[in-house]
Structures are given as structure tokens and as C-alpha cells.
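Please examine the sequence and the structure shown here before reading the report.

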Amino acid sequence: MTRDVPESAVRAVAEAAARTEQLLASLPGPTARVPEQRERAAASKNAVRTARHALLRDHAEAVYDRLTEGRALRLRLPDLVAAAAETFPGLVATDEQMKAEQARPQRAKEGLEIDQGILLGGLLRAPRAGTHLMESMLQPTERALRLLPEFRRTGVVELSSVHLERRGSAAHLTMCRDDCLNAEDNQQVEDMETAVDLALLDPRTHVGVLRGGVMTHPRYQGRRVFSAGINLKSLHAGKISLVDFLLRRELGYIHKLVRGVMVDHEVSWQSPTIEKPWVAAVDTFAIGGGAQLLMVFDRVLAAADSYVSLPAAQEGIVPGAGNFRLGRLTGGRRSRQVVLWGRQIRATEPDARLLLDEVVEPSELDAAVEVALERLDSPAVLTNRRMLNLAEEPPDAFRAYMAEFALQQSLRLYSEDVIGKVGRFARAGRAR
């Protein structure tokens with residue numbers, strides 16, 4: 001059977017999965033089930049998930065070695081999940097099953113992504129496998145490598161949700177989802193990782209800056225907005241993916257902002273990654289995922305009329321790695337006020353200085369950005385940020401957090417309170 005993975009454990013998962021699939025096929029869809037049917041479905045899912053968890057708890061390193069040919073392959077998250085479905089029947093849903101699941105709104109899904117959370121959480125928890133997986137996610141995307149010659153030649157790349165432009169030695173990333181206040185979805189995560197890769201790989205770029213573009217949304221028309229966080233309408237419609245959004249976002253472009261992009265280069269012996277300093281400029285607000293982003297930047301500037309919030313408890317989901325980083329920046333008591341109580345922090349409040357380095361009048365933000373870019377364009381800055389990030393965010397600590405996040409966020413996506421909240425948000429939006 002599979003090398004170093006007991007056949008009995010693999011068979012137990014496959015048999016339990018087959019029984020669950022057979023039961024679910026005999027029942028109405030999730031929204032049409034009566035209480036007794038819901039209880040039977042939940043008990044069967046729990047049984048097979050217990051078997052999956054046991055397999056990964058005891059044999060995660062061997063499972064990962066089998067999927068990656070002894071860690072010879074650098075598989076990104078979607079490829080890793082697809083390999084697991086093919087190699088270990090019943091461990092996660094097949095591609096065909098996931099396509100059917102993704103076509104349904106969130107409330108009508110079976111929760112197959114929870115099994116992906118069990119898999120990826122188990123692999124990340126294993127030291128060798130988890131480290132290798134995190135390093136694999138630091139590699140540049142194929143899309144970025146295709147676009148790199150164009151960006152090096154022209155200094156401009158226009159993506160559907162991000163505009164990238166090199167000005168002098170700085171790469172300016174502008175989020176331009178003007179219709180939804182830069183609310184993030186699968187496409188924006190794809191575009192952001194591409195843009196971050198390009199900025200890091202471009203030898204003429206020494207420093208990067210992220211800012212929100214000018215909005216067409218009626219309430220904020222003509223104003224710049226940094227980010228409204230996760231796109232709750234997309235979540236309600238079932239279009240927010242655990243693998244392609246929630247995990248890729250943290251292990252992909254956000255982690256690259258911290259660690260850099262892992263690629264062979266002339267001085268790989270000095271560092272396996274290419275890193276650069278980053279500036280964030282906040283207009284109007286940084287909500288949810290927007291606030292999470294600020295925690296990894298080297299210099300955060302904000303307009304005096306802006307605010308920051310992380311409404312995780314209101315949305316019902318885990319705010320990415322925000323819980324991992326916020327307490328270090330603001331202290332435990334303030335982080336609980338922000339995450340659990342929904343506290344907004346205005347840029348002019350004293351506590352805002354724990355998240356924002358400089359607060360200026362909106363008309364002065366452009367000039368403040370230019371000063372920050374010039375100050376951070378320094379080899380000494382580059383080395384010291386690397387050492388600061390290593391001290392403040394040790395890779396093993398981040399890996400352990402992400403292992404638990406993979407599981408807990410997958411459970412939150414299919415919890416009744418989250419489904420109810422995003423449904424009410426979607427209905428309110430249609431009414432407006």
C-alpha cells in the first residue's frame with residue numbers, strides 16, 4: 001500500500017468515508033433535512049473525521065512524504081490537496097466532489113472543506129512536513145513568473161483587482177476593487193500574491209508600498225479606501241475558499257511580505273529568500289483583513305480621518321493570523337477588546353500608535369509615503385527587518401498557529417452562526 005503509512009489506518013479512512021458518502025447520497029440536501037436526518041449525517045461525518053484525524057495525528061510526516069515523493073516536490077496547497085484525494089481515498093474530497101460543492105451557496109454545502117482543514121492542519125503540525133509546506137508556499141507563482149519579463153520591461157502590470165507600478169526604486173501596489181471597497185475574495189488573493197511576487201523578484205524594486213485606490217461605491221465615491229476585509233457576499237454565495245483564499249492568503253502573499261519570496265538567486269547562501277521593506281498607507285479604514293495586513297508592514301501610515309477594526313466576533317470567523325500578531329503589537333487586553341468586543345481604533349486615538357507609525361492629514365499622506373519609501377530604501381534596513389521578523393515571529397510558532405487555524409477556520413466556515421450572519425448581510429445588501 002502506501003509507504004510508511006499503515007494499510008489498516010488508510011483502509012479505515014476509506015471505509016468510513018464510503019459509508020458516509022452512501023448515507024449522504026440517500027438523504028435530501030443539507031437545507032432540506034429534518035432534525036433526525038441532520039443528526040445522522042453529523043454523526044457519520046464525525047466518525048470519518050475522527051479516523052482522518054487519527055491517521056494524520058500518527059502518520060502526518062509519512063503521509064506528506066508520500067504526497068511529495070520524500071519532499072522532492074514543492075506542492076502548493078491546491079496541488080497537495082488534489083494529490084491527497086488521489087493517493088489516500090476518502091482522506092479529502094475528490095476534485096469532482098469539490099466542484100459540485102463549490103457550486104452551492106454556503107448554507108447548502110456538506111462542509112467538505114473541513115476535511116481539507118483536517119489534512120492541512122495535520123501536515124502543518126508535523127515539524128518536517130509543515131516547514132517544507134510553508135517553504136513551498138513562499139515560492140513565486142507560475143503566473144508571476146510569466147508576467148515578470150513584462151514588469152521588468154515596462155514597470156507596470158494591470159491585474160483585475162491590483163494595479164502594480166514601479167516608480168523610481170519603489171513598487172506601488174494599489175488595490176482597485178472600487179465596486180466593493182477592496183473587500184477580498186479568491187481573485188484578489190490571486191492578484192495580490194502575483195503583485196507581491198513581482199515586486200520582490202524585480203531587481204529594480206528596493207521597497208514596496210500598498211494603498212487602496214479611489215472608489216466608485218456611492219457612499220465613498222471619489223475617496224481612497226484601504227480595505228473592507230473579507231467579501232461577505234462572496235462568502236454567503238459559497239465563493240470564499242478555505243484553500244484558495246483563507247489559507248493561501250496567510251501562507252502565500254502575507255507570509256511573503258514577512259519572509260520574502262523563496263527562489264534561487266545569486267546569493268542564496270546568504271538567505272534563501274528575496275526580501276524587501278514594505279510600507280502601508282491607510283485611507284478611510286482598514287477593516288478585518290485590511291487590519292490584519294497592517295501587522296506585517298515595516299511602516300504604517302494613516303490619514304487622520306481613518307480607523308482600524310477587526311470585527312472577527314461579529315463575522316464569526318477567525319481573523320487570519322491577526323490573533324497571532326495583534327497581542328504582540330498592542331498587548332493582550334487591547335487585542336481582546338478589538339477581536340472579541342469589536343472595538344474600532346480611530347487613527348487619532350493614543351492606542352492607534354500601537355498599530356500606526358505616523359498619522360497625518362489626508363492631504364499630507366502622499367508626501368509621508370514618499371519620505372517613508374526613501375528612508376526604508378537601505379541595505380541596513382533590509383538586514384535588520386529580517387532579524388526583527390525572526391525574533392518577533394519565529395517560523396515554528398507561526399507554523400503551529402497556522403496548523404490550528406486551518407482546522408478551526410474550516411469549522412467556523414460551516415457553523416450555523418456564521419452562515420446566518422452572512423445570510424443576513426447578503427439580504428441587507430440586496431435590500432439597500
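The coordinates are a predicted model, in which local features need pLDDT of at least 70 and side-chain atom pairs count only at pLDDT 80 or more, whereas totals for chains, interfaces and linings use all residues. Residues are numbered from 1 along each chain as its sequence is written, and side-chain values use heavy atoms, with hydrogens and water left out.

**Overall chain**

The chain has 18 helices and 12 strands; these are DSSP runs numbered from the N terminus, with helices being H or I of at least four residues and strands E of at least two. Its radius of gyration is 22 Å, close to the 22 Å from the globule rule for 432 residues, so the chain is as compact as a globular protein of that length. That radius is taken over C-alpha atoms, and the rule is 2.2 Å times the number of residues to the power 0.38. Along the principal axes, the C-alpha atoms fill a box of roughly 65 × 55 × 40 Å.

Of the 432 residues, 56% are buried; buried means under 20% relative accessible area, exposed over 50%, and partly exposed in between (1.4 Å probe, protein chains only). Among contacts with a separation of 6 or more, 73% join residues 24 or more positions apart, a contact being heavy atoms within 4.5 Å. The accessible surface of the chain comes to about 18,900 Å², and 52% of it belongs to carbon and sulfur atoms. These areas come from the Shrake-Rupley method with a 1.4 Å probe, and for residues only the protein chains shown count as cover.

**Strand pairing**

Three strands form an open sheet with mixed pairing, in the order β8-β10-β11; two strands pair if DSSP finds at least two bridges between them. The edge strands are β8 (285-287) and β11 (345-346), each with a single partner, so one side of each has no neighbour in the sheet. β8 pairs with β10 (residues 307-309) in the parallel sense over 3 bridges, and phenylalanine 285 has tyrosine 307 in β10 as its bridge partner.

Elsewhere, β3 (residues 170-175) and β4 pair in the parallel sense over 6 bridges. Histidine 172 stands opposite valine 209 in β4. In β4, 6 of its 6 residues are buried. One side of β4 carries Val207, Val209 and Arg211, the other Gly208, Leu210 and Gly212, and all of these are buried. In a regular strand the side chains alternate between the two faces of the sheet.

**Loop residues**

| Residue | Relative accessible area | Class |
|---|---|---|
| Histidine 217 | 26% | partly exposed |
| Glutamate 69 | 56% | exposed |
| Leucine 181 | 11% | buried |

Histidine 217 is found in the loop between β4 (207-212) and α9 (232-236). Leaving aside residues up to four places away in sequence, histidine 217 touches Asp178, Asp179 and Leu181. Leucine 181 itself lies in the loop between β3 and α8 (186-201), and its phi is near 60°, a positive value in a residue other than glycine.

Glutamate 69 is placed in the loop between α2 (35-67) and α3 (77-87). Its phi is near 55°, again positive in a residue other than glycine.
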